[in-house]
Each structure stands twice: as C-alpha cells, then as structure tokens.
Amino acid sequence: MNPLCGRCNRVVYPTEKVNCLDKYWHKGCFSCETCKMTLNMKNYKGFDKRPYCNAHYPKTNFTAVADTPENRRLKEQTKMQSQVLYKEEFEKNKGKGFSVVADTPEMQRIKKTQDNISNIKYHEEFEKSRMGGEAPPHQPSTPTSAGYQQAAPSQNFHYEPTPEPVRQAAAAPPPSAGKRYRAVYDYAAADEDEVSFVDGDMILEVQQIDEGWMYGRVERTGQRGMLPANYVEAI
C-alpha cells in the first residue's frame, strides 16, 4: 500500500515520492512551510518534522521550565546532595589543611616574643619550686641530724641549674654612645619596655642588646625603650 503525503494527505506513488523528516512527500508538496518555495534534499532545513528554506528557518529559543512540583522536588534533591558532598569533604579535610603564614618581620617578632615569654614562665616556675623545696624536712634529734643539716645547703646549691637565657630587661645605655637608625616599618609596642614608631621615624642613641633587639630613643616622640632590629636600618 502506498503511503500518504505529509502535506496534501494524498497517496504518494514511487515515481514522485520524497522520503524525508520521517514522512513521505510529493515532489511538488515538499516546500517551505512559510514561502512555499519548492525544496530538495540539498537545500531544505527541518524543524519540528516540517521543511523550511534557509531564509525562513525558525530560530531556536530557550524554553522556560515551568515551576512544577516535580521540578521543585528535583531542585531540592540536587541542593541536598550538594550540601551532603560539601559536608563530607569538610569532615575529611578538617584539621588537615593549614594556611601558609608569610615570614614577615612582624611574624618573626611575635614568634620571638612567644619564645621569650615561654622561657620566662619556665624560669619563674622553676624558681618557685626550688624555693618551696629549699628547706630540709624535719628530722628527729639524732647524733647524725646535725651533719645532715649542714650538708643540705650544699646539696641545694649544686642542684640549681643555669637558668635559660631570656630577653634582657630594658636598661638605658649611655646616650652619648648610640647610633642613628631610621624605621622602615610601623611598629606597635607589645610590652611596657618597648617603644612604638612609624615608617620614617628617626631612632637615636641606639644600642645593640642582642641579635634581634635594640634600645633607643624615638626622635619624634622622645620615648625610650626596646625595639626590634629588623624594623630599622642604619643611617
């Protein structure tokens, strides 16, 4: 049985049959839907299973998705899956990642200050424990107790270890022997024996205390105290 034409709905015989767009057409019926120009297999463009010429081919536009209950359910499900994956990754990586801290002069000063505070606290605890156990325990009066009490001070004297080095307290050196420095960074005093200054301040009467600290007077404010050596440069 011969098929029907996709446009005129009449029987299409084999000699005039055009098979295209899942339909059968007469050669004369295979034309543009808009301008009715006769088309062939080389110049047609199909849209929605209908032939068009190049000039009248419909432009594809995006279709808005309706906000149906099914679409809302899919949206919520996708959002929940995203949150679950985020929480799983967070739990796996929790406690593993650390931010790299730049080795700036400020970070070096904070690190050195923390080390000094730790040494000072250790020395204070050691002194308290040593002074608390300095007195010998009470012993009954025996012929040998006197000799034991005489030896106790000697034992306590040799027990004291050499204290660990800590940052020296600010001691004002003679102003006549100091050098002149210029601040290259801003600095805010962290302790009572330190001085604050800003970039460009002149530091006078500077004396080297140790490898990382100096003592001097800020010309702008007149304050004297400790300052970090890596925050200033010699003039």
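Glu205 is buried, with a relative accessible area of 17%; here buried means under 20% relative accessible area, exposed means over 50%, and partly exposed lies in between, all with a 1.4 Å probe and protein chains only. Glu205 sits in strand β6, where strands (E, at least two residues) and helices (H or I, at least four) are DSSP runs numbered from the N terminus. Its phi is positive, about 55°, although Glu205 is not a glycine.

A word on the model itself: it is predicted, so local features need pLDDT of at least 70 and side-chain atom pairs count only at pLDDT 80 or more, while totals for chains, interfaces and linings use all residues. Residues are numbered from 1 along each chain as its sequence is written, and side-chain values use heavy atoms, with hydrogens and water left out.

**Salt bridges**

The structure holds nine salt bridges, each defined as a side-chain nitrogen of Lys or Arg within 4 Å of a carboxyl oxygen of Asp or Glu. Three of them are set out here.

| Pair | Closest N and O atoms |
|---|---|
| Glu205 and Arg217 | 3.4 Å |
| Glu233 and Arg182 | 2.6 Å |
| Arg109 and Glu106 | 3.6 Å |

Glu205 forms a salt bridge with Arg217. Because Glu205 lies in strand β6 and Arg217 in strand β7, this pair ties together parts that are twelve residues apart in sequence. Both Glu205 and Arg217 are buried.

Glu233 forms a salt bridge with Arg182. Glu233 is partly exposed at 34% relative accessibility, and Arg182 is partly exposed with a relative accessible area of 34%.

Arg109 and Glu106 are three residues apart in helix α2, so about one helical turn separates them. Arg109 is buried at 9%, whereas Glu106 is partly exposed at 32%. Elsewhere, Arg7, Glu33 and Arg50 are linked in a network of salt bridges.

**Nonpolar cores**

A nonpolar core is a set of buried Ala, Val, Leu, Ile, Met, Phe, Trp, Tyr and Cys residues joined through side-chain atoms within 4.5 Å. The largest one has 16 residues, and Tyr181, Phe197, Ile203, Met214, Leu227 and Val232 have the most contacts inside it. Two or more residues come from each of β5 (179–183), β6 (202–208), β7 (213–218) and β8 (224–228). Of these, β7 gives the most, with four residues. Apart from this core lies another, of nine residues, including Val18, Trp25, Leu39 and Cys53.

Leaving aside neighbours within four places in sequence, Val232 is in contact (heavy atoms within 4.5 Å) with Tyr181, Arg182, Ala183, Val184, Phe197, Ile203, Met214 and Leu227.

**Helix α2 and the cysteines**

Gln108 is found in helix α2 (residues 105–132) and is partly exposed at 34%. Not counting residues up to four places away in sequence, Gln108 touches Asp103 and Asn230. Gln108 and Asn230 are 122 residues apart in sequence, yet their C-alpha atoms are 9.1 Å apart.

How many disulfides does a search of the whole structure find? It finds zero, taking a disulfide as a pair of cysteine sulfur atoms within 2.5 Å. The sulfur of Cys5 is 3.7 Å from the closest cysteine sulfur, in Cys8, which is too far for a bond. Cys5 is buried at 3% relative accessibility, while Cys8 is partly exposed at 30%.
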